[in-house]
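Please work through the following exercises with the model at hand. Each task is followed by a solution in steps.

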Amino acid sequence: MKGSRSSRPPSGGSKVREIDLHLRPGQAGVEALERQLARVRGELNSTIKAGSREIVFIHGSGSGKLREALRAAIAAEYPSCTCHDAPFARYGYNGATIVTIRK
């Protein structure tokens, strides 16, 4: 799993963490999905603790399994968060989800 983390200035001017969840070649299956979801939870918990309002998870377009699992986990476990598609102009076909944290 790539560990890249970068920031971009959103419309509000503050930095938003971007977490790339893409797998390396040869990684797949239920175990890989569980590792990715564990990373989502860890990164989201850190973002909430830091008091940030948004985080972007780059998951790819693929079959949509990771996107759906990510959104289901956030809906079930983080009632103060909402998910929506990241702008196509910025993320293109890579597929990304923005998680907004309500205070």
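This is a predicted model: local features need pLDDT of at least 70, side-chain atom pairs count only at pLDDT 80 or more; totals for chains, interfaces and linings use all residues.

**Exercise 1.** Determine how helix 1 and helix 2 are oriented to each other, and which residues form their contact.

*Solution.* 
Step 1. Two packed helices are described by the angle between their axes and by the distance between those axes.
Step 2. For helix 1 and helix 2 the angle is about 45 degrees, and the axes lie 10 Å apart.
Step 3. Angles from 65 to 115 degrees count as roughly perpendicular and those under 35 degrees as roughly parallel; helix 1 and helix 2 are therefore oblique to each other.
Step 4. The crossing of the two helices is right-handed.
Step 5. Helix 1 contributes Leu33, Gln36, Leu37, Val40, Arg41 and Leu44, which meet Leu66, Ala69, Leu70, Ala73, Ile74 and Glu77 of helix 2.
Step 6. By class, this contact holds nine nonpolar residues, one polar and two charged.

**Exercise 2.** Describe the largest pocket by its volume and its lining.

*Solution.* 
Step 1. The volume of the largest pocket is about 300 Å³.
Step 2. Its lining comprises 17 residues, of which Leu23, Gln36, Ser63, Lys65 and Leu66 are the closest to the centre.
Step 3. Helix 1 (29–50) and helix 2 (65–77) are the elements that each supply two or more lining residues; helix 1 gives the most, with four.
Step 4. The lining divides into six nonpolar, nine polar and two charged residues.

Notes:
Residues are numbered from 1 along each chain as its sequence is written. Side-chain values use heavy atoms; hydrogens and water are left out. On a 1 Å grid over the protein atoms alone, a cavity is a set of points where a 1.4 Å probe fits but cannot get out, and a pocket is an open set with protein on both sides within 12 Å along at least five of seven lines; lining residues have an atom within 4 Å of a point. Grid points are joined across faces, edges and corners, and a volume is the space filled by probe spheres set on the points. Ala, Val, Leu, Ile, Met, Phe, Trp, Tyr, Cys and Pro count as nonpolar, Asp, Glu, Lys and Arg as charged, and the others, Gly among them, as polar. Axes are lines fitted to C-alpha atoms, for helices over the stretch in contact, and angles run from 0 to 180 degrees between N-to-C directions. Angles under 35 degrees count as roughly parallel, over 145 as roughly antiparallel, 65 to 115 as roughly perpendicular and the rest as oblique. A crossing is left-handed if the near helix is turned anticlockwise from the far one by less than a right angle, and right-handed if clockwise. Contact means heavy atoms within 4.5 Å.
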